[in-house]
Amino acid sequence: MPQEQSFASFTEDLEIKQMHELGKGLVTKSLLYHLADGEQSLGVGFGDGQQRLMMGEDPRLPAMPDKPTLMDFFKLRFAPAQQHLLQSANLAQQNGEDEKIVLACLLHDIAVAGFIRSDHGYWGAQLVEPYVDEEVSWAIRAHQSMRFFPDESVGYEYPQAYVTMFGKDYELEPYIVAEYERSRVHKWYMTARKICVNDLYSFDPDIVIEIEQFEDLLGRHFKQPSEGLGNDNTPSSHMWRTLRRPCNAL
Ligand SMILES: [Fe+2]
Ligand SMILES: [Fe+2]
């Protein structure tokens, strides 16, 4: 690596070189990736008019089946942080919760493990909304704000982890407070609250839960499209396609 070159740009150059060798063209990245680095840029933009841009399957990522299922996304796309989802669902099962709650726990941070952290409850709910009971997606959306508010009736306290991560003086955004105020009087309040309860103790580095544990439950409660996630035609199909091929140029 040349001394004056940063590690980030070195690995980017290497990736581009590898992509050319693979015959897949130039990799473009969405603005969001660059904003995350504090830059308003489209990187290589639209190329130089000579080189092809990568479209289609990305050879740097694990190949996905033609008709991917939710379990395929867990195995082939989601980060190792998915263990938190699996542990949370496992805990809900051990606590004797009904299957709807177990599913809500299994999917509650699907946005974080799968593609985006900011406003993860909203993104996650939107991603799974066409495929789950309305109560489940409602609870996934609501848990994001509810996690900040204690509920003594179920022994849920403000998470110590939030004090560590955000500081003692962290002040909630008004939209989070407003969302909580709406949620606390909603008929499905306790569904979201149970996500929070099973969320707290699901970060154990010594426990490994496999997604297969929930295969039957998903078969009963997740409306897996026969065409495969992303090949169907729902309001979130494009999100699954983007997860599959995150660097398509357009
Ligand atoms: Fe969450
Ligand atoms: Fe969580």
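**Helix 7 and its neighbours**

The buried residues of helix 7 pack against helix 5, helix 6, helix 8 and helix 13. Keep in mind that this is a predicted model: local features need pLDDT of at least 70, side-chain atom pairs count only at pLDDT 80 or more, and totals for chains, interfaces and linings use all residues. Residues are numbered from 1 along each chain as its sequence is written, while chains are lettered from A and ligands numbered from 1 in the order in which they are written.

**The big picture**

- The protein has 13 helices and zero strands; helices (H or I, at least four residues) and strands (E, at least two) are DSSP runs, numbered from the N terminus.
- Along the principal axes, the C-alpha atoms fill a box of roughly 65 × 45 × 35 Å.
- Of the 250 residues, 32% count as buried. A residue is buried if 20 or more other C-beta atoms lie within 10 Å of its own, exposed if 12 or fewer, and partly exposed in between, with C-beta atoms placed from the backbone.
- Take the contacts between residues at least 6 apart in sequence: 68% of them join residues at least 24 apart. Two residues are in contact if their C-beta atoms, placed from the backbone, lie within 7 Å.

**Covered helices**

- Helix 7 is mostly covered, with seven of its nine residues buried. Those are His120, Gly121, Trp123, Gly124, Ala125, Leu127 and Val128.
- Helix 5 (residues 99–107) has seven of its nine residues buried, so it is largely enclosed by the rest of the structure. Among the buried ones are Ile101, Val102 and Leu103.
- The buried residues of helix 5 pack against helix 4 (82–94), helix 6, helix 7, helix 8, helix 11 and helix 12 (215–221).

**How helices pair up**

- Two packed helices are described by the angle between their axes and the distance between the axes. Axes are lines fitted to C-alpha atoms, for helices over the stretch in contact, and angles run from 0 to 180 degrees between N-to-C directions.
- Helix 7 and helix 8 (residues 134–146) pack at about 170°, with their axes 7 Å apart. That makes helix 7 roughly antiparallel to helix 8; angles under 35 degrees count as roughly parallel, over 145 as roughly antiparallel, 65 to 115 as roughly perpendicular and the rest as oblique.
- On the helix 7 side, the contact residues include Tyr122 and Ala125, and on the helix 8 side they include Ile140 and His143.
- Helix 8 also meets helix 11 (residues 189–199): their axes come within 8 Å and cross at roughly 60°. That makes helix 8 oblique to helix 11.
- For this second pair, the contact is made by Glu135, Ala139, Ala142, His143 and Met146 of helix 8 and Thr191, Ala192, Arg193, Ile195 and Cys196 of helix 11.

**One face of helix 13**

- The buried residues of helix 13 (residues 237–244) are Met239, Trp240, Leu243 and Arg244. Seen down the helix axis, they fall within an arc of 140°, so they line one face of helix 13. (The arc is that of the directions from the helix axis to the C-beta atoms.)
- They pack against helix 3 (70–76), helix 6 (110–114) and helix 7 (120–128).

**A closer look at His34**

- Leaving out residues up to four places away in sequence, His34 touches Lys29, Glu39, Gln40, Ser41 and Gly43.
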